[in-house]
Amino acid sequence: MFKYIIKRIVNYVIMLFVAVSMTYFLASAFMDPRSNYMSRNPHPPIESINRSLDLANINDQTPVVIRYFRWLKGILTQWNWGLSPDQSPVAPAIASRISASLQLVTLATVLSILFGVSIGVYTAIRQYKWQDRVLNTTATFFLVVPAAVMGLMVVLLAINFNNIVGSRAFYVTGLHSYQGSNPVLWVFDYLQHLILPTIVMTIPGMVGYHLTQRTYLLDTMNADYVRTARAKGLTLNAAIRRHALRTSLIPTAVDVAFSIAGVFTGAVITENVFAINGLGMYFTQTIANNDINGAVAVAAFGGVCTLTGALLADIFSAWLDPRIRLS
Amino acid sequence: MMNDNENMVSDAVAQDMELTDPQGSEPQSADAKNAQEASSNDDFHRTGRMQLYVRRFMRRPSAVVGLVVLILLILLAIFGSKFSQWSYDEPDFAALASPPSAQHWLGTTVGGSDMYAMIIRGLGRSLTIGIFSSFGTTIIAALVGTAVAFFEGWFEKVGMWLLDMLLVVPSFLLIALIVGMAAGGSDWLWLAIGLTAFGWVGYARTLRTLTLSLRDREYIRAAKFMGVPSFTIIVRHLVPNLGSVLVINTVLGVIGAVNSETSLSFLGLGIKAPDTSLGTLLNAGQSVVQTSPWVLVFPSVVLIVLTFSVQLIGDGLRDAIDPYSRSGGKAE
Amino acid sequence: MSDERNASNVTTNTNPDTTGAQGMASEPVISVRDLTVSFASEAGTVRAVRGMNFDLYPGKTLGIVGESGSGKSVTSMAIMGLLDKNASVKGSITYHGEELLSKSDLEMSEIRGKGIAMVFQDPLSALTPVFSIGDQIKEALVTHNPKMTEQQIHDRSIELMNLVGIPDPEDRLKSFPHEFSGGMRQRVMIAMAIANDPDVIIADEPTTALDVTIQAQVLEVLRKAQRETGAAVIFITHDLGVIAGVADDIVVMYAGRPVEKADVDSIFDHPAMPYTMGLLGAVPRSDRERNSRLVPIPGSPMNLVNMPKGCPFAPRCPLATDICHTTEPAMEPVPGRPGQFVACHRTQEIVDKGLTFHDVYTVAEAAKSKFAGIPRDERKMVLDVKHMRKTFPLTAGGFLRRKIGEVKAVDDVTLDVREGETVALVGESGSGKSTTLMEIMEFKQPQDGEIEMFGTKLEHKIPREKRRELRSAVQYVFQDPMSSLDPRLPIYDILAEPMKVQHYSKEQIRERIGELMRLVELNPDQVDRFPTQFSGGQRQRIAIARALSVNPKLVLLDEPVSALDVSIQAGVINLLEDLQNKLGVAYLFVAHNLSVVRHISSRVAVMYLGRIVESGDTEDVFEHPLHPYTQALISAVPVPDPKAERTRQRIVLEGEVPSPTETFEGCPFMGRCPLMPKLSAEQQARCRGERPALRPYDTSRPSGHQVACHFA
């Protein structure tokens, strides 16, 4: 088991290295930091542009292979992920934003799982009854609404609500605005900020878990072993609860494992809609600013999270399913 | 082994009856003369596969509604611009940020562009991108996914490793990079290409898993034993047998592509002015949400109607094609 | 059970109207009256069961026999109250006089598992994969006895495990289902079924998914369970051999209706319904020399949707008259035969004239073989396999797949096939018989040993052209015609595929397909249809036609009839015989069904754990089996003859087939060998230390009977 995990990690490190290197080359090929300076009118002198680009190791006049090895060396020897075009170091910028993303996404993830799985079980047991139909239609509806639309509509409603109430019940930007030192007010203020983005992110997560959990349970509900359990003398509901539900939660647990990692990477759209300075927002900025080092670093961090999720998923399923052995 | 189907009771039995039709219409006697009787004995009730699918699809009101709405949206995208005097790229400087009126049915943007014209244009873009990249994604994923599963051994190992690796690279970034370097005007095409080029990976993995179960089917082995070339087996046997999955996923893939397009354009990384798309309109609407909410509301509604109608069609198709669907009638 | 049976006392009353007349000693445990079950479907209502009637008496075994779709399993599910919600159930089922059909799920749950218990067909999927065996047995106990203490539960579980013969019960309680073999899982199922001493055990095809030696073990356990609990048993099966050995009374079902009921001897001695006669006549027998062709029942089973008027068997019945096509006959007593009931318009005539199977059914004469009269030695060799081995590496999972052992799927196979003959390869699942065929079809030099086809040795480098030629001369037929034909292609394209590979021209293909369809007795006009539009037997004919399309000299058949219903099987077997005789093609036939093997093959090779342990002429091997494994295998096959079953001495093998990953220095069969205890210590040491090679048994005889046993 332990050996298996070590082997997996080694494989993932290699995979990550290849993926990140590939991203570096693609980003270097497609991003043009020089244009940041050239588009200014009048543009700064070429030598000064080159000096700035050289300092950040993103000068397109230096062969990309040389830049790559410099960049790699910086990471491997000093854990230095390079500079943005504005000469600010990338690594601390990312570190500071992870916390914002974490604050934003954790609650939404937990709520999505709790509500989603419960509703999934509830509807599966009532397949084709009106509760199932109503909840299912609602879920399919929310499943397809684009994230941006969902976010903006919630903002619109909240603003109207604020206007009607005549006070700022909900904040639509940022995570904090309270400046005082009263912890109760601080929490209250935090919740006022958090509630809208949490709604926006919980709904799609929740309907996702709802629909998949419903399918998983429906798949196992008709299994032969549920029939065996009924033949032993369990009622239909008891047989489903004890036998089908337990088995159907295994794939859900695997999905959960994957999503744990997603908590750290934040939510690109939601952060942009609510002007929350998290990792997702930072990622969009790096792309817009031709920040090669920044974009690659975010991609690398995302890769680490994805692979951690994959590893967790493996461990979860081996833990829950006696048929699977990690060896 | 003798497998008694009865155990699967009701649905499976009913389903088998339906599709197999083992009615005594094809006699199996020892004498070949009975073979002649068979042709004249053709009067049994038979439901063709397509006919069955259509009937089941049509039985779902939601699916029919979805189909009608989608057809209307497509017609609107094609012919909608004929009804308006305004064009998406001709701002009316006399009416900046004006609310809906007889002149501008859905109002104008801050820059004076007619919202109706913009939405028609954006809808067309979203539909084109969605359909184009959904088809492209399906084709690439089907070929790669089946090939990786079909060729066992090192090809499969390397293929899977590459697919895993591609999943690690954020496709969002790559698409944004490709669109970013596109020259003005052709960015919608590059967006569609980008969505196709990086959108197939996860799907290919799913198809590979499905193919794994097909790979050991006896008709595939039978073809191998006969010496049928590998590529022929993939194209003739594997891909068609994934058919229902492919059809459903192509339809639902449109939603994914439309959503990705919306997200990217909303973030300013997709389609940019002077061209427009529904996502770009959302971006424009975000900053004026308090002053001119119509800029936000109308494209949002169109997007929701578009994606939801496609979803209804997809669900209807799934129910119609999936042999275990329970859309059958009730016992007397 | 057989010792309890008293043939003269018909204990199961099969007609509700005459209950009093029989003078029963006890009340029935279960009475079923006019049971009707129907399901909704796309094409219309499926009438799965119509007018089922029977009484089940304490301690007795009622056999329900029928082919797939006959409604036998649906009947059992109706008794258990386990049918789907969309099923409409009418009539009456009483248990100790209580009506079951009006009970709610909660009320039924008190009876299920306590009064009526059930053993299902497929032990692989019937146990919950994520719970240990101990937990699952515990659940069966606790559900009905919530006050049991942990200690009581544990003791009872161990007791049950011992009863059904699971070794090391203490350890095995903690194991999960996937760690058990199929036979062991079925024992667990039986243990759970008898946990609360039920009055009734319903066994739905309990041994169908098991190998014949394991089947014998499980049937023995079921008998023991019945003795211990005194329960009445409803035994559902399609296997007439199994039913002959276990049942006191039999109900034969066809198309959802009971068509004949009687005690077991009457059914087998003098069936009155043409369908019953046909079923009995269509099965080959392992205990008799083959002397005649099998007689198939014409046509295929009835579609349960939109059933025509009249007797459902009428379209296939040689005795059918006008009334048979218009009115469905009721179940009536057979005149002069007390206790026997039949639903047939022509009973009077059948009884009066004493019609038997041979009078009712006729079969065309077999074609004469091209090679008749040519002794085997003078025929050309088409396939010669010598000491072939095939192992699969057993790897540890993960990225760097490290080899940690090997699975010896085929350990040592030597066999030859000559022109126009049928060589059967028999063995239980896991014996490597299918892998042997797969290896031959690779057309490559085997891992070890050699393969020669038509005098060409398979080597690493065979020219492309040569390999294609070989491919056309060797074709393959799979077990399940449902999955061996691509469901998306019309029959025409399916048949054309091997010919396209062989570069036939379009005209040639067209012409050939017409020929082929007629050859396998199908209508050539149907080539545009899809495989799903044909019945199982017809699909297998199509698969055979495809194999024959390129005029092969050798066809490898992997269990070609085992997925087919009994009444259909005979037709396909006859077809295979005719084709061999007409075309002179040789068959290498893999099967686990020894009755079929005895009927169809001229030579037999018996496989155990990847090795041939005995081979020879079919008659020699069946009449004088030498290897103790062959002896046990043949004796385990149930025979469709209740009298023979009662007196037969069975060699029931202990234990299960060892894993093919194990390495044996001596004889791999040693652990289960019934001969071992009779040997001296010295001889046992030889079995343990020296692996027996396949050797000619009696060099003075030319039959070539070979055996791999030191002391045969």
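Predicted model: local features only at pLDDT ≥ 70, side-chain atom pairs only at ≥ 80, totals over all residues.
Let's start with chain A. What is the fold made of? Helices: chain A has 13 helices and 0 strands. Read from the N terminus, the elements are α from beginning to end. The C-alpha trace spans about 85 × 60 × 35 Å along its principal axes. Chain A has 327 residues, and 41% of them are buried. Now the contacts with a separation of 6 or more. In chain A, 71% of those link residues 24 or more positions apart.

Next, the domains. Chain A splits into domain 1, residues 2-78, and domain 2, residues 91-320. Taken over C-alpha atoms, their centres are 33 Å apart. How many residues does each domain bring to the contact between them? Domain 1 of chain A brings 16, and domain 2 of chain A brings 13. Look at the domain 1 side. Two elements give two or more residues there: α1, residues 2-30, and α2, residues 34-38, both of chain A. The top contributor is α1(A), with 9 residues. By class, that side of domain 1 of chain A has 10 nonpolar, 4 polar and 2 charged residues.

On to the chain A and chain B contact. Chain B puts in 36 residues, and chain A puts in 35. Which elements of chain B supply at least two residues each? They are α6 (154-168), α7 (171-180), α12 (243-266), α13 (278-286) and α14 (294-321) of chain B. The most comes from α14(B), with 8 residues. The chain B side divides into 22 nonpolar, 12 polar and 2 charged residues.

Stay with chain B for the record. An unreviewed UniProt entry carries the annotation "transmembrane region" for residues 63-81, 127-151, 158-182, 188-207 and 294-314 of chain B. I checked two of those stretches against the model. Residues 127-151 of chain B are 96% helix and 0% strand. The end C-alpha atoms of that stretch are 36 Å apart. Residues 294-314 of chain B are 100% helix and 0% strand. There the end C-alpha atoms are 30 Å apart.

Now chain C, and this is where the strands come in. One open sheet has 4 strands, in the order β2-β1-β4-β5 of chain C, with antiparallel pairing. The edge strands are β2 (46-56) and β5 (98-99) of chain C, and each pairs on one side only. Take the β5 end. Strand β4(C), residues 87-95, runs antiparallel to β5(C), and 2 bridges join them. One residue pair to look at: Tyr95(C) has Glu98(C) in β5(C) as its bridge partner.

Chain C also has an open sheet of 8 strands, with mixed pairing. The order is β6-β7-β8-β3-β9-β10-β12-β11 of chain C. Why does one side of β6 and of β11 (332-333) of chain C lack a neighbour in the sheet? Both stand at the edges with a single partner strand each, so one side of each is left without a neighbour.

Strand β6(C), residues 116-119, pairs with β7(C) in the parallel sense over 4 bridges. Ala117(C) has Ile201(C) in β7(C) as its bridge partner. From there, β7(C) pairs with β8(C), residues 232-237, also parallel, over 5 bridges. Ile201(C) has Val233(C) in β8(C) as its bridge partner. How does the chain get from β7(C) to β8(C)? It crosses through helix α7 of chain C, residues 212-229, in a right-handed β-α-β crossover.

Key:
Residues numbered from 1 in each chain as written. Chains lettered and ligands numbered in written order. Domains from an automatic or database assignment. Contact = placed C-beta atoms within 7 Å. Nonpolar A, V, L, I, M, F, W, Y, C, P; charged D, E, K, R; others polar. UniProt positions renumbered as here; feature names shortened; annotations may be inferred. Buried ≥ 20, exposed ≤ 12 C-beta atoms within 10 Å, placed from the backbone. Pairing = 2+ DSSP bridges. Right-handed = clockwise from strand over helix to strand, strands pointing away.
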